[in-house]
Amino acid sequence: MPAKPSTPSTDASALHLDNQMCFALYSASLTMTRFYQPLLRKLKVTYPQYLVLLVLWEQDAQSVSELGEKLFLDSGTLTPLLKRLESINYVRRARDASDERRVIASLTPAGRALRQRALTLHDQVACATQCSASDRVSLTRQLGRLRSALRETLISR
């Protein structure tokens, strides 16, 4: 159930940058992405490409629209990512035989093999966060709930 709007704050500190949840999320996201960059460079992928691979490692052979839904990306953003992954032989794209309007992205053998190398990233990131495993799980769930609540609010506008 969405929270009811509160009375506008008269406290000037409400507008301090460090008191903004949006800035905390934004700056944490930037920092996390920067942390990943040198790790992903070894795999020859960018952070958004890595996210595509994560989804395909969970379940191979997905339509571009399914990938877009899971990653919150439109096809205009996703298609260049897939083309680049295809050019380095991690992913292949093909028209769905049962519905030629759909394009299916699948891992190549090299893309599947990359998963094993990527496992070390998880451990490195976990260590860098200086959070316990249960704290990381809890934070991830909280952020998922926040994302869902904000999306619901956007949809209901």
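Predicted model: local features only at pLDDT ≥ 70, side-chain atom pairs only at ≥ 80, totals over all residues.

Visitor: Okay, how do α1 and α5 cross?
Guide: Helix α1, which covers residues 21–41, and helix α5, which covers residues 109–129, have axes that come within 11 Å and cross at roughly 145°, and the crossing of α1 past α5 is right-handed.

Visitor: And which residues make the contact?
Guide: From α1 the contact uses M32, F35, Y36, L39 and L40, while α5 brings L121, Q124, V125 and A128. Sorted by class, this contact of α1 with α5 holds 8 nonpolar residues and 1 polar residue, with no charged residues.

Visitor: Switching to the surface, which residues form the nonpolar patch?
Guide: That patch is formed by M21, L25, L139 and L143, which together have about 340 Å² of accessible area.

Visitor: Which helices supply it?
Guide: Helix α1 and helix α6, the latter spanning 133–156, each supply at least two residues of the nonpolar patch, and L25 has its place in α1.

Visitor: New topic: how many salt bridges are there?
Guide: Searching the whole structure gives 4 salt bridges, and R112 and D60 meet through their side chains in a salt bridge at 3.3 Å, taken from N to O.

Visitor: Where do R112 and D60 sit in the chain?
Guide: R112 belongs to helix α5, whereas D60 lies in the loop between α2 (47–58) and β1 (62–63), so that the pair, 52 residues apart, links distant parts of the chain.

Key. Residues numbered from 1 in each chain as written. Heavy atoms only, no water. Axes fitted to C-alpha atoms, helices over the stretch in contact; angles between N-to-C directions. Helix = DSSP H or I, 4+ residues; strand = E, 2+ residues; numbered from the N terminus. Left-handed = near helix turned anticlockwise from the far one by under 90°. Contact = heavy atoms within 4.5 Å. Nonpolar A, V, L, I, M, F, W, Y, C, P; charged D, E, K, R; others polar. Patch = residues over 30% accessible without salt bridge, like charges linked within 9 Å, V, L, I, M, F, W, Y side chains within 5 Å. Areas by Shrake-Rupley, 256 points an atom, 1.4 Å probe, with all protein chains shown as cover.
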